[in-house]
Structures are given as C-alpha cells and as structure tokens.
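Subject: Structure handover

Hello,

Please find the structure below. My notes on what was found in it follow.

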Amino acid sequence: SRFEYHAVTGEEDLCIGTTTLAVKGYYKAAKAVIVGEGFGGLGAITYGRRGGTFYDIEVHGKSAHGATPHKGVNAVQDAAKLVVALEGLPLRRADTLLSDDFEPLKETQTLHKMCGGGMTLSVPDRCDVIITRCTVPGGKVDAKDELDALVKKLKLKSKVRVKTRTGPADPLP
C-alpha cells in the first residue's frame, strides 16, 4: 500500500488538472481519494463528498418563419418548459452526512447552459441545455432515467434527447 499526493489546478475549469491525470491513468489503482478543497474552511471536515454527472440535453423542434410560427415547433420554448420542470425533481439527502455548511448533505442540480435560437424572424428549431446532478453517497449516480421520464411526462412537441457524459475528458460544448 502506498500514498500519493497530487496537487492540481483547474477545479472550477472542468477539473482540468484532475481530468488530465485520470485520462493518463494515474488513478487506476486508487482505493480512496482525499479532497483537500478548503471550501468549508478549517472548521469543516466532511465525509462523503458528492460526485456529479453532466447531462447534455438536445431539444429539436421545427423551424418556421416568424410570421407563421404555428407551422413550427419552438425548441427554445420547449427547453424552457423542461428547465422549469427540472426544478421540481426530488433531490435526495444523506442525513447522516454533513455538507460544508453543517447541514445534511443533499443532491444538487445546476443549469450550466441553455442556448438556442438566434435567427431573425424564425422559430428556433434547436436548443441545447447542459445540467449537472451532484449525488450523495449511497444515492443514484446516474439520473438519466429520471430525466427521460420527466421529458415523457411533459409531452413536448419537440424531440428531446438526454445524453450522459461518457467520461471525464468530455469537453463542455
């Protein structure tokens, strides 16, 4: 058994330092990791840091001229409905673990990007959404099935595809 220390940069920049080491195979034999992030200050020692999964959501509508929007399907409007509905998804708690603010550790969900439209006097036919779900230890790592069920429940006119990021080196579009 051995101990290694890695000081990396880029924690808020796609974890570029850790990602580089992971891609190069430095963590293949790791049994545990200690995250030395000082977010909670010296007074907070936490157990069971959250992991996270990125989701790329593609919303495909149908373009139409702005003078006849009823002939199209507005992907931005449907994406907005989805983003609002995401707020209603239940997030799990790990009551026996404390977060950095000494509250029970909870899952979180963050909207990172929503981009669509842009053509003058045209119904937007595409909107891209990126979210992250941060999980709690013992919780569900991948929530894609929950996201797919939400999309189905909304009965949007657009076609929606939820994709889970496949690895740590996947760049943000």
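Across which strands does helix H3 lie? Helix H3 (residues 144-154) lies across E1, E7 and E8, and runs at about 175° to E8. Contact here means heavy atoms within 4.5 Å. Axes are lines fitted to C-alpha atoms, for helices over the stretch in contact, and angles run from 0 to 180 degrees between N-to-C directions. Helices (H or I, at least four residues) and strands (E, at least two) are DSSP runs, numbered from the N terminus.

Before the rest, two remarks on the source. This is a predicted model, in which local features need pLDDT of at least 70 and side-chain atom pairs count only at pLDDT 80 or more, while totals for chains, interfaces and linings use all residues. Residues are numbered from 1 along each chain as its sequence is written, and side-chain values use heavy atoms, with hydrogens and water left out.

The sheet

Four strands make up an open sheet, in the order E5-E7-E1-E8, with antiparallel pairing. Strands E5 and E8 (159-164) are at the edges with a single partner strand each, so one side of each has no neighbour in the sheet. From one strand to the next, the twist averages 20°. Two strands count as paired if DSSP finds at least two bridges between them.

The pairs are as follows:
- E1 (residues 52-60) and E7 (residues 126-134) are antiparallel and joined by nine bridges; in this pair His60 stands opposite Arg126 of E7.
- E5 (residues 108-116) pairs with E7 over eight bridges, also in the antiparallel sense; here Leu111 stands opposite Ile131 of E7.
- E1 and E8 run antiparallel and are joined by six bridges; Glu58 stands opposite Arg161 in E8.

Ile131 has its place in strand E7. Is Ile131 buried or exposed? Ile131 is buried, with a relative accessible area of 1%. Buried means under 20% relative accessible area, exposed over 50%, and partly exposed in between (1.4 Å probe, protein chains only). Leaving out residues up to four places away in sequence, Ile131 touches Thr53, Phe54, Tyr55, Ile57, Leu86, Gln109, Thr110, Leu111, His112 and Leu147. Ile131 and Lys113 are 18 residues apart in sequence, and their C-alpha atoms are 7.2 Å apart in space.

Salt bridges

How many salt bridges does a search of the whole structure find? The search finds twelve. A salt bridge is a side-chain nitrogen of Lys or Arg within 4 Å of a carboxyl oxygen of Asp or Glu. Among them are these:
- Asp95 and Arg93 meet through their side chains at 2.6 Å, N to O. Asp95 counts as exposed at 52% relative accessibility, and Arg93 is partly exposed at 48%.
- Arg126 bridges to Asp128, with the closest N and O atoms 2.9 Å apart. Arg126 is partly exposed, with a relative accessible area of 34%, and Asp128 is partly exposed at 26%.
- Asp145 and Lys140 meet at 2.8 Å, N to O. Asp145 is partly exposed at 45%, and Lys140 is partly exposed at 30%.

Asp145 and Lys140 also belong to a network of salt bridges that links Arg92, Glu107, Arg133, Lys140, Asp145 and Glu146.

Regards
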